[in-house]
Amino acid sequence: ETTCECPDPDPVPIGYQRRADGSWECADGYLGTAEKLCRAHGTCFSKPMLKGCHELVPCEAPTTQDCRYDVSNCTDVMGGEACEVACRWPYMGTPVRAQCLSNN
């Protein structure tokens, strides 16, 4: 019986890193569950591939057609963070927090 082994991808794709135990995980700045796949590529040759990690990106600032709101504090807010939406001058009111989802 022939057994085929699947090597690790070389080079390692951006967004992935190897753990000390040999398994894979998402690198800092990436989110998800790293998974190593091996696709048959001829006889006993496997083509390794990693999938499951996605780059964390800032949330888009809330959009509003209403000129009463100031969302300028809400640019480049990363997942799990919040920003303050306030009233533009001359309007008055209590600022509220807008939340960027942690798995953005």
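Analyst: Happy to! C6 is partly exposed, with a relative accessible area of 21%, and C38 is partly exposed at 38%; buried means under 20% relative accessible area, exposed over 50%, and partly exposed in between (1.4 Å probe, protein chains only). This is a predicted model, where local features need pLDDT of at least 70 and side-chain atom pairs count only at pLDDT 80 or more, while totals for chains, interfaces and linings use all residues. Residues are numbered from 1 along each chain as its sequence is written, and side-chain values use heavy atoms, leaving out hydrogens and water.

A disulfide is a pair of cysteine sulfur atoms within 2.5 Å, and by this rule there are four disulfides. One of them joins C6 to C38, with 1.7 Å from S to S. The torsion about the S-S bond of C6 and C38 is about -95 degrees, so this disulfide is left-handed.

Another disulfide is formed by C59 and C100, with their sulfur atoms 1.7 Å apart. Here the torsion about the S-S bond is about 75 degrees, so the link of C59 and C100 is right-handed. Both C59 and C100 are buried.

C74 and C83 also form a disulfide, with sulfur atoms 1.9 Å apart. The link of C74 and C83 is right-handed, with 95 degrees about the S-S bond, and C74 and C83 are buried.

What about C67? Its closest cysteine sulfur is in C87, 11 Å away, which is too far for a bond. C67 counts as exposed at 54% relative accessibility, whereas C87 counts as partly exposed at 27%.
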